[in-house]
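Colleague: I would like to go through this model with you, contact by contact. Please give the cut-offs as the terms come up.

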Amino acid sequence: MIVCKSAAELEKMRAAGRALARVLEAVATKVAPGVTTLELEAVAEKEIAAAGAQPAFKGYRGYPCVLCTSVNEEIIHGIPSERKLQRGDLVSIDVGVKLDGFYADGATTVALQPVEPETARLVAVTREALALGVAQARAGGYLADISAAIQQHVEAAGFNVVREFVGHGIGTALHEEPTVPNYVAPGKGRGPRLAAGMVLAIEPMVTTGSPEVKIRPDRWTAVTADGGIAAHFEHTVAVTENGPWILTQP
Ligand code: MF3
Ligand code: CO
């Protein structure tokens with residue numbers, strides 16, 4: 001069952017989303033050569049507390065941190081560590097918060113300049129794919145419109161969308177129905193019809209090479225099977241009568 005949120009609930013989710021945007025911005029600003037991903041974790045922890053919010057990821061199925069920091073061939077769920085970021089690295093930062101009973105989930109990818117032109121293009125295409133997916137979060141449309149918009153843009157650019165991980169509904173739980181794939185499965189139909197009050201975490205994960213995934217022995221970090229790099233952007237988006245409302249917009 002897809003839970004639709006009332007106007008008052010959406011206002012609460014917007015407050016959570018706004019808090020999340022501030023956390024993500026503070027962390028992204030801190031990214032620089034020589035900074036460890038654990039230092040990013042510390043910034044996030046402090047900003048979440050300052051917002052009066054709770055971290056959504058720490059303790060979720062035993063996940064140890066408030067942030068996921070995924071570098072280069074790491075796609076998602078990278079665990080912050082003493083690893084120092086370097087010029088040329090691509091780091092995706094994923095964070096979730098809970099405020100006043102509601103969750104927000106968001107991610108961004110930051111390139112440590114100078115990066116290869118292909119890396120810069122991957123970041124741009126993934127960011128655009130998210131925007132195109134968000135634009136399809138319309139009442140009366142179908143879930144697969146979102147998936148198709150993302151997949152088409154990514155594949156037209158010569159990149160690939162990851163299949164193993166998907167976006168999701170979000171609200172009083174971090175993960176609610178429906179799942180929000182970044183691809184369309186032929187013959188599987190257009191998915192549920194979108195209605196005002198639905199809230200979706202839309203999160204394209206895009207690879208330069210094969211989209212096939214491996215999990216590291218830490219049992220969290222998802223990496224590309226072929227060692228190609230990956231980018232990840234995510235917004236929490238409400239479907240409204242007036243179109244998509246990006247709750248995690250700054
Ligand atoms: N954005 C990811 C998701 O929606 C992050 C989850 S990380 C976890 O699943 F640690 F909470 F699992
Ligand atoms: Co998510």
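Modeller: A salt bridge here is a side-chain nitrogen of Lys or Arg within 4 Å of a carboxyl oxygen of Asp or Glu. This is a predicted model, in which local features need pLDDT of at least 70 and side-chain atom pairs count only at pLDDT 80 or more, while totals for chains, interfaces and linings use all residues. Residues are numbered from 1 along each chain as its sequence is written, chains are lettered from A and ligands numbered from 1 in the order in which they are written, and side-chain values use heavy atoms, with hydrogens and water left out.

Colleague: How many salt bridges does the structure hold?

Modeller: Side chains of opposite charge can pair when their charged atoms come close. Some of the pairs form a network, which links Glu 73, Glu 74, Arg 83 and Arg 216. For the structure, the number of salt bridges is eight.

Colleague: Lys 12 and Asp 100 form a salt bridge; how many residues apart in sequence are the parts it ties together?

Modeller: The side chains of Lys 12 and Asp 100 meet at 3.9 Å, N to O. Helices (H or I, at least four residues) and strands (E, at least two) are DSSP runs, numbered from the N terminus. Lys 12 lies in helix H1 (residues 7–30) and Asp 100 in the loop between strand S4 (90–99) and strand S5 (102–111), so the separation in sequence is 88 residues.

Colleague: In which element is Glu 45, the partner of Lys 58?

Modeller: The side chains of Glu 45 and Lys 58 meet in a salt bridge at 3.4 Å, N to O. The two are 13 residues apart, with Lys 58 in the loop between strand S1 (54–55) and strand S2 (67–71) and Glu 45 in helix H2 (residues 37–50).

Colleague: What separates Arg 121 and Glu 118 in helix H3?

Modeller: Arg 121 and Glu 118 form a salt bridge of 3.5 Å, N to O. Arg 121 is partly exposed at 36% relative accessible area, and Glu 118 counts as partly exposed at 37%. Both residues are in helix H3 (residues 117–135) and lie three residues apart, so the separation is about one helical turn.

Colleague: How much of the area of ligand 1 does the protein bury?

Modeller: The residues around ligand 1 (a heavy atom within 4 Å) include Phe 57, Tyr 60, His 168 and Trp 220. A polar side-chain atom of Asp 94 is 2.8 Å from a nitrogen atom of ligand 1, and one of Glu 234 is 3.3 Å from a nitrogen atom of ligand 1. Taken alone, ligand 1 exposes 330 Å² (Shrake-Rupley method, 1.4 Å probe), and the share of this that the protein buries is 94%.

Colleague: Which side chain has an N or O atom 2.8 Å from an oxygen atom of ligand 1?

Modeller: His 175 is among the residues that surround ligand 1. The side chain with an N or O atom 2.8 Å from a ligand oxygen is that of His 175.

Colleague: What is the omega of the cis peptide bond that joins Glu 177 and Pro 178?

Modeller: Most residues other than glycine have a negative phi, and most peptide bonds are trans. A cis bond joins Gln 113 and Pro 114, with omega about -5°, and Pro 114 is in the loop between S5 and H3. Pro 178 is in strand S8 (residues 176–180). For the cis bond between Glu 177 and Pro 178, omega is about 0°.

Colleague: What is the phi of Arg 219, which is not a glycine?

Modeller: Asp 100 is not a glycine and has a positive phi of about 55°. Arg 219 is in the loop between strand S11 (213–215) and strand S12 (222–224), and counts as exposed at 74% relative accessibility. The phi of Arg 219 is positive, at about 70°.

Notes. Buried means under 20% relative accessible area, exposed over 50%, partly exposed in between (1.4 Å probe, protein chains only). A polar contact is a pair of N or O atoms within 3.5 Å; within protein, one must be able to donate a hydrogen and the other to accept it, and residues adjacent in sequence count only if both atoms are side-chain atoms.
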